[in-house]
Amino acid sequence: MDDEHTGPQTPAPGADDPLLAPLGELIRAADAPPAMAVELAKQSFGLRQVDTELAALVADSAMDPVGTAVRVGEQGTLPRLLTFEVEGPDDTPQAVEVEVSGSGRYRRLLGQLHPPGAARIEVRQPGGDAVDPVDADEQGRFVVAAVGVGLIRLTWHRPGRHAIATAWFRLD
């Protein structure tokens with residue numbers, strides 16, 4: 001409404017909520033986002049810390065099966081090798097190499113941090129099984145005994161340094 005003395009009037013904050021709520025419900029019912037997208041969006045809040053670095057996948061043996069053919073496991077299966085890397089604060093690369101083995105519902109992760117050193121390793125899964133954090137030894141080696149199949153992310157924390165998290169990747 002225009003009033004020649006006060007000018008245009010704006011509605012009070014939240015005044016349109018009763019009108020917009022049914023519209024939102026209608027849109028959500030007709031075109032809801034995929035459940036996995038919602039779960040990953042919720043999990044992305046784990047990287048809200050400004051000081052967490054994101055390590056990118058730089059090597060995956062699943063993309064190069066010929067190079068892994070010499071490492072056939074006991075049951076004729078190939079272990080999967082993954083390497084994630086990020087540039088450190090002093091231009092020194094920080095990396096984690098992970099060997100994935102096992103079958104069924106769970107996988108075993110055998111890892112090595114570069115540069116070597118003690119760290120706390122967390123495994124995160126969207127809506128999946130909770131995995132207890134493990135400690136890497138002074139050489140940067142660690143083992144996570146049972147990780148559920150699906151999307152995961154590793155985050156490692158070193159004393160006096162920023163946390164580093166890998167990009168999400170799928171364990172098959």
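**A guided reading of the model**

R124 is partly exposed, with a relative accessible area of 25%; in this scheme buried means under 20%, exposed over 50% and partly exposed in between, computed with a 1.4 Å probe on protein chains only. The side chain of R124 meets that of E122 in a salt bridge, at 2.7 Å from N to O, and E122 counts as partly exposed at 23% relative accessibility. A salt bridge is here a side-chain nitrogen of Lys or Arg within 4 Å of a carboxyl oxygen of Asp or Glu.

The model is predicted: local features need pLDDT of at least 70, side-chain atom pairs count only at pLDDT 80 or more, and totals for chains, interfaces and linings use all residues. Residues are numbered from 1 along each chain as its sequence is written, and side-chain values use heavy atoms, with hydrogens and water left out.

The search of the whole structure that finds the bridge type described above returns four salt bridges. Side chains of opposite charge can pair when their charged atoms come close. One of the bridges joins R120 to D135, with the closest N and O atoms 2.8 Å apart. Because R120 lies in strand β7 and D135 in strand β8, this pair ties together parts that are 15 residues apart in sequence. R120 is partly exposed at 36% relative accessible area, whereas D135 is exposed at 52%. Another bridge brings together the side chains of D137 and R141, at 3.0 Å from N to O. D137 is partly exposed at 28%, and R141 is partly exposed at 45%.

The strands provide the next topic. Helices (H or I, at least four residues) and strands (E, at least two) are DSSP runs numbered from the N terminus, and two strands pair if DSSP finds at least two bridges between them. Strand β3, residues 53-60, runs parallel to strand β11, residues 164-166, and three bridges join them; L54 stands opposite A165 in β11. β3 is also joined to β4 by four bridges, and these two strands run antiparallel. In that pairing, A59 stands opposite T83 in β4.

β5 and β6 pair in the antiparallel sense over seven bridges, and the bridge partner of A95 is H114 in β6. The hairpin of β5 and β6 has four residues between the strands, and in this hairpin G102 takes a positive phi near 110°. G104 also has its place in the loop between β5 and β6, and G104 is exposed, with a relative accessible area of 53%. In sequence G104 and D172 are 68 residues apart, but in space their C-alpha atoms are 9.3 Å apart. β6 pairs with β9 as well, in the antiparallel sense over six bridges, and L109 has V144 in β9 as its bridge partner.

Which residues touch the most other members of the largest nonpolar core? In this core of 24 residues, they are L109 and I121. A nonpolar core is a set of buried Ala, Val, Leu, Ile, Met, Phe, Trp, Tyr and Cys residues joined through side-chain atoms within 4.5 Å. The elements that give two or more residues to this core include β4, β5 (93-101), β6 (106-114), β7 (119-124) and β9 (141-148). The rings of F84 and F169 have their centres 5.0 Å apart and their planes at 40°, so the pair is tilted; rings of Phe, Tyr and Trp (its six-membered ring) pair if their centres lie within 6.5 Å, with planes under 30 degrees apart counted as stacked, over 60 as edge-to-face and the rest as tilted. This pair links distant parts of the chain, since F84 is in strand β4 (residues 80-87) and F169 in strand β12 (residues 169-171), 85 residues apart. F84 is buried at 0% relative accessibility, and F169 is buried at 4%.

Helix α1 remains to be considered. Helix α1, residues 17-30, has 14 residues and reaches 20 Å from its first C-alpha to its last, close to the 20 Å expected at 1.5 Å a residue; the expected span is 1.5 Å times one less than the number of residues. Of the 14 residues of α1, one is buried, so the helix lies largely in the open.
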